[in-house]
Amino acid sequence: MAPSERQLTTKICGEVILRNKLLGIDEYKFLLKSVVGSGMGEETYAPSMVFESREETAGLADALLEMDEFFLDSIQKLLDRTKIRAADIDVLVVNVSMLATSPSLSARILNYFKLRDDVKVYNLTGMGCSASLISINAVQSIFKSRKNVQALVITSESLTLNWYTGKDRSMILANCLFRTGGCAMILTNKPSLKNRALLKLKCLVRTHHGARDESYGCCLQREDDSGRVGFFLGKNLPKAATKAFVDNLKEISPKILPITELLRFAFLHLIRKALHKWSKSAAGQGYGRPMINFKKGVDHFCLHTGGKAVIDAVSQSLGLSEYDVEPARMTLHRFGNTSASSLWYVLGYMEAKKRLKKGDRILMISFGAGFKCNSCLWEVVRDLDGNNSVWKPMIDGFPKKDLTNPFLKKYGWIQGEDADTFNGVDDPRFVLD
């Protein structure tokens, strides 16, 4: 976890926005709405270059520093906690979507921790927020052909070189959503480590709609008209996400739900279809679209914190309660969207709240550029106390009842301004105390 000095408070956010001289009243109103509606609080983290006012001039060294800060701290803590030596790692998988270096980031880790010469190394880039489960799937495939393997999986994201400094709304939105974070974990198929495991992977399903132009182009890294690099989020993103989500659920549902629930859904679907064919008016009387009850096969739902709208949409689609989505909402509020690693912060919340008991089943759902929807089911193999969770020091303060972002109180006056009378950054109400 990054130090508290790297938290994006309302004051810091205001300073960052005002440093961008390309923005006007329309962009300020858009950012106000985006920040307030993001679901995030004042304790999320950003790269050091943001606090040094160097968004415009950050370079490769800054991006590597961002990665090193996470790699060196998290990996060492993981090895110390598990009492696994770096020399005992057989496979290394690293996924950081927005930074590709040579040598690779995985080679950087191999060099620092002095892993063995015969370690199998995989470096994944460009996979977006769903990259964690892609890394898990890669290790899963390796386990099918090799026994007694210990794999180190690293998932994080690089924001430094992708912090957008222009005024394109579809690209500046990413600054309001993505935050610094990451996770390191050990996966193994060694029978001797079975009693030390936390979770057991039951199944994993990947859905990729990259062959569809509208899905491929809905979120991507690009340059704006001025040549400024950033991450574009298109208006058709929700539609692309929905299609990928539906297709993914169709494939994973038979793998995780009891046959009784599948038969119930099929029966209701046939009844509704028959009634609709017989009489459209009759079909609408008490026979709404049937829904699968995923709680028949799942105890906990670990949702990607892509934003408040993403959590709301998935919750509605799956018929989840506020208790079910509390871990995702609190993770978004406290840590923001940390890209591929966000799932593990959500899982950490469940663990710290002591929700995870032996035999419980956890459904993970992630979305990513491409467009992709990946999901998997884990089984908890022993009661988890959460003592090693990143949430441990703060968990007693959650869930928070009031998730109102103070940005609205401080800058809400912008909503009543117009271009003709607005004084810009010289307006005294912009004084940051």
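Is F245 buried or exposed at 6% relative accessibility? F245 counts as buried at that value, where buried means under 20% relative accessible area, exposed over 50% and partly exposed in between, with a 1.4 Å probe and protein chains only.

1. Basis of the note. This is a predicted model, in which local features need pLDDT of at least 70 and side-chain atom pairs count only at pLDDT 80 or more, whereas totals for chains, interfaces and linings use all residues. Residues are numbered from 1 along each chain as its sequence is written, and side-chain values use heavy atoms, with hydrogens and water left out.

2. Aromatic pairs. A search of the whole structure finds 12 aromatic pairs; rings of Phe, Tyr and Trp (its six-membered ring) pair if their centres lie within 6.5 Å, and planes under 30 degrees apart count as stacked, over 60 as edge-to-face and the rest as tilted. F245 and F367 form an edge-to-face pair, with 5.7 Å centre to centre and 65° between the planes. This pair links distant parts of the chain, since F245 is in helix 9 (residues 237-256) and F367 in strand 9 (residues 361-368), 122 residues apart; helices (H or I, at least four residues) and strands (E, at least two) are DSSP runs, numbered from the N terminus. F367 counts as buried at 9% relative accessibility, and the rings of F367 and F371 have their centres 6.4 Å apart with planes at 35°, so that pair is tilted. F371 in turn counts as buried, at 4% relative accessibility.

3. Helices 13 and 14. Helix 13 (residues 322-335) and helix 14 (residues 342-352) pack at an angle of about 115°, with their axes 9 Å apart; axes are lines fitted to C-alpha atoms, for helices over the stretch in contact, and angles run from 0 to 180 degrees between N-to-C directions. Helix 13 contributes E326, P327, A328, M330, T331 and F335 to the contact, and helix 14 contributes S342, Y345, V346, Y349 and M350, contact meaning heavy atoms within 4.5 Å. A cluster linked by ring pairs takes in F335, Y345 and Y349, together with Y45, W391 and F398.

4. Surroundings of N95. N95 is found in strand 1 (residues 91-96) and is buried, with a relative accessible area of 1%. Not counting residues up to four places away in sequence, N95 touches L124, A131, S132, S135, I154, T155, S156 and A340. N95 and N123 are 28 residues apart in sequence and 6.1 Å apart in space, C-alpha to C-alpha.

5. Helix 1. Of the 10 residues of helix 1 (residues 10-19), 7 are buried, so this helix is largely enclosed by the rest of the structure. The buried residues are T10, I12, C13, G14, V16, I17 and L18, and they pack against helix 2 (25-36), helix 3 (48-51) and helix 15 (407-411).

6. Backbone geometry to check. Most residues other than glycine have a negative phi, and most peptide bonds are trans. A cis peptide bond joins S102 and P103, with omega about 0°, and P103 lies in the loop between strand 1 and helix 5 (105-113). Another cis peptide bond joins F398 and P399, with omega about 5°. K114 has a positive phi near 55° and is exposed, with a relative accessible area of 59%. Phi of N148 is likewise positive, near 55°, and N148 counts as partly exposed at 46% relative accessibility.
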